[in-house]
Amino acid sequence: MSQADLIARIAAYWDEHIHDLSITTYPVGTPGFFRQLNEYRYDKLKYLPRLVDFNGYKGKNLLEVGCGVGIDLVRFARGGANVTGIDLSKTAIDLACKNFEQSEQNADLRVMNGESMKFADNTFDLVYAHGVLQYTADAQKMIVEIHRVLKPGGEAIMMVYNKQSWLNLMRKVTKVPLEHEDAPVLRKFSIRELIQLLQLFQDYRIVPERFPVKTRLHFGWKAFLFNNVFIGAFNLMPVSWIRRFGWHLLTFAVK
Ligand SMILES: C[S@@+](CC[C@H](N)C(=O)[O-])C[C@H]1O[C@@H](n2cnc3c(N)ncnc32)[C@H](O)[C@@H]1O
């Protein structure tokens, strides 16, 4: 399959599978829908507001690649950043427009491929891509683009999945599929592989995060054991043992 065909398949998949859609009980695109997605996100990803300074980019030019419906991007906008969001999926961008409208925030939102962006070199102070490199056709190509559109000294914040993590191990043992495992591309990275991708940057820091929290996506005995036994046992282990097995590798890189 050509790269263009793969990108078209990825776009079609994400048009049909908006991230975290299954946890919402409100009609798609309503205020309740966005409120629920927002609450769910920062409950599941408690590390995000702790490690990402959503209010720290006032007056800065910020690009989110693969912004989905724009939950994080609205936060950056509320913090005063001049925000641009792109996504391959038209459904995601249409919903992001509604999200911004209802939040009374402004953004430049466009359907665009993060592997070949229509922005000039050295445009942005921050490029943010949370959960995107692992789903694109060519992660290296996207990193080169992210680096290109960043200003010298600009920062990239990216999150990819950790191959050597508790969740990947659970997946193998329990055979319970990961979210979006049916996506055309789902790549996991070892820390070493991620470091190879980051060689363009002058500096980087990788923080493993996302440790087990109660699942709201699965039911039955496996979910019961996970919620009531596994999480408790995991949390008894010293942080220094488990740290590097976090499912999310949050990366801060400087151009
Ligand atoms: C798991 S969702 C993450 C959405 C959002 N960043 C979040 O954290 O909720 C992955 C998103 O990446 C987008 N995506 C994948 N490949 C892309 C590409 N090459 N260019 C732009 N967006 C892409 C998908 O359309 C989808 O909206």
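A backbone N or O atom of G114 lies 2.8 Å from a nitrogen atom of the ligand. Taken alone, the ligand exposes 590 Å², and the protein buries 95% of that area. The model is a predicted one.

**Ligand surroundings**

- The ligand is surrounded by 18 residues, of which R41, G66, D87, G114 and H130 are the closest.
- By class, this shell divides into six nonpolar, nine polar and three charged residues.
- D87 places a polar side-chain atom 2.5 Å from an oxygen atom of the ligand.
- At L88 a backbone N or O atom is found 3.2 Å from a nitrogen atom of the ligand.

**Packing of α2 and α4**

- Two packed helices are described by the angle between their axes and the distance between the axes.
- Helix α2 spans residues 31-44 and helix α4 spans residues 71-78; they pack at an angle of about 90°, and their axes are 10 Å apart.
- Angles of 65 to 115 degrees count as roughly perpendicular, and α2 and α4 are therefore roughly perpendicular to each other.
- On the α2 side the contact is made by F34, L37, N38, R41 and Y42, and on the α4 side by I71, D72 and R75.
- The contact of α2 with α4 comprises four nonpolar, one polar and three charged residues.

Definitions and conventions
Residues are numbered from 1 along each chain as its sequence is written. This is a predicted model: local features need pLDDT of at least 70, side-chain atom pairs count only at pLDDT 80 or more; totals for chains, interfaces and linings use all residues. Side-chain values use heavy atoms; hydrogens and water are left out. A residue is near a molecule or strand if one of its heavy atoms lies within 4 Å of it. A polar contact is a pair of N or O atoms within 3.5 Å; within protein, one must be able to donate a hydrogen and the other to accept it, and residues adjacent in sequence count only if both atoms are side-chain atoms. Accessible areas come from the Shrake-Rupley method with a 1.4 Å probe; for residues, only the protein chains shown count as cover. Ala, Val, Leu, Ile, Met, Phe, Trp, Tyr, Cys and Pro count as nonpolar, Asp, Glu, Lys and Arg as charged, and the others, Gly among them, as polar. Axes are lines fitted to C-alpha atoms, for helices over the stretch in contact, and angles run from 0 to 180 degrees between N-to-C directions. Helices (H or I, at least four residues) and strands (E, at least two) are DSSP runs, numbered from the N terminus. Angles under 35 degrees count as roughly parallel, over 145 as roughly antiparallel, 65 to 115 as roughly perpendicular and the rest as oblique. Contact means heavy atoms within 4.5 Å.
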